[in-house]
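The following briefing is intended to be read beside the sequence and the model.

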Amino acid sequence: MPELEVRPALADAELNALFAAAWPGHGEVSFAPVLERSLAWVTARREGRLVGYVNVAWDGGVHAFVLDTTVHPDERRRGLGVRLVRSAAEAARERGAQWLHVDYEPHLEPFYRQCGFRPTAAGLLAL
């Protein structure tokens, strides 16, 4: 079972490798600006290799946001994504967040329900 860790040191190379495996078309980016502004992030490693990641952004107050839930294709369908998101929720709670939001595509609703979320009405504006 992969080991979870909250706010570990992360290198761009390992995050880019995970994202390239999980998200077709991913181009290399620097994650430093994202992590600098994050309330928390949770990683999963199997034998030292990064196989899962989720980020928790926040508004500086009581609202936090789950972003970039990512599980390596070799590790999917074994509950790792749910473990990552639940750990992220606990980390957000421990850091003072009172509400945890997530946006997702309709086919991901069962996954996020399993993580404890309930659907709500929301608005979206493309910028």
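Two residues are in contact when they have heavy atoms within 4.5 Å of each other. The model is a predicted one, in which local features need pLDDT of at least 70 and side-chain atom pairs count only at pLDDT 80 or more, while totals for chains, interfaces and linings use all residues. Residues are numbered from 1 along each chain as its sequence is written, and side-chain values use heavy atoms, with hydrogens and water left out.

- With a relative accessible area of 0%, A44 is buried, where buried means under 20% relative accessible area, exposed over 50% and partly exposed in between (1.4 Å probe, protein chains only).
- Beyond its neighbours within four places in sequence, A44 is in contact with P2, E3, L4, R49, L50, V51, G52, L80 and L84.
- P2 and A44 are 42 residues apart along the chain, yet their C-alpha atoms are separated by 5.6 Å.
- S38 sits in the loop between α2 (32–36) and β2 and counts as buried at 8% relative accessibility.
- Not counting residues up to four places away in sequence, S38 touches R7, N55, V56 and W58.

**Nonpolar cores**

- A nonpolar core is a set of buried Ala, Val, Leu, Ile, Met, Phe, Trp, Tyr and Cys residues joined through side-chain atoms within 4.5 Å.
- The largest nonpolar core has 22 residues, and V56, L84 and F117 touch the most other members.
- Two or more residues of this core come from each of β2, β3 (49–58), β4 and α3; α3 gives the most, with seven residues.
- F117, leaving aside its neighbours within four places in sequence, is in contact with V66, V85, L100, H101, V102 and Y112.
- Another core, of nine residues, lies apart from the largest one and has F31, L35, L50 and Y53 among its members.

**Salt bridges**

- Side chains of opposite charge can pair when their charged atoms come close.
- A salt bridge is a side-chain nitrogen of Lys or Arg within 4 Å of a carboxyl oxygen of Asp or Glu, and by this rule the count comes to six.
- E14 and R45 meet in a salt bridge at 2.9 Å, N to O; the pair links distant parts of the chain, with E14 in helix α1 (residues 12–22) and R45 in strand β2, 31 residues apart.
- E14 is partly exposed, its relative accessible area being 23%.
- In the salt bridge between E75 and R78, the closest N and O atoms are 3.5 Å apart.
- E75 is buried, with a relative accessible area of 5%, whereas R78 counts as exposed at 56% relative accessibility.
- R46, E75 and R78 are linked in a network of salt bridges.
- E90 and R93 form a salt bridge whose closest N and O atoms are 2.3 Å apart.
- Because E90 and R93 are three residues apart in helix α3, they are separated by about one helical turn.
- E90 is partly exposed at a relative accessible area of 33%, and R93 counts as exposed at 51% relative accessibility.

**Positive phi angles**

- Most residues other than glycine have a negative phi.
- R7, in the loop between β1 (3–6) and α1, has a positive phi near 55° and is partly exposed, with a relative accessible area of 37%.
- E47, in the loop between β2 and β3, has a positive phi near 50° and counts as exposed at 82% relative accessibility.

**Largest pocket**

- On a 1 Å grid over the protein atoms alone, a pocket is an open set of points where a 1.4 Å probe fits, with protein on both sides within 12 Å along at least five of seven lines; lining residues have an atom within 4 Å of a point.
- The largest pocket holds about 1,800 Å³ of space, a volume being the space filled by probe spheres set on the points, which are joined across faces, edges and corners.
- Its lining comprises 48 residues, of which V102, D103, Y104, F111 and Y112 lie nearest the centre of the pocket.
- The elements that give two or more residues to this lining are β4 (63–71), α3 (80–94), β5 (99–102) and α4 (109–114).
- The lining divides into 26 nonpolar, eleven polar and eleven charged residues, where Ala, Val, Leu, Ile, Met, Phe, Trp, Tyr, Cys and Pro count as nonpolar, Asp, Glu, Lys and Arg as charged, and the others, Gly among them, as polar.

Notes: Helix = DSSP H or I, 4+ residues; strand = E, 2+ residues; numbered from the N terminus.
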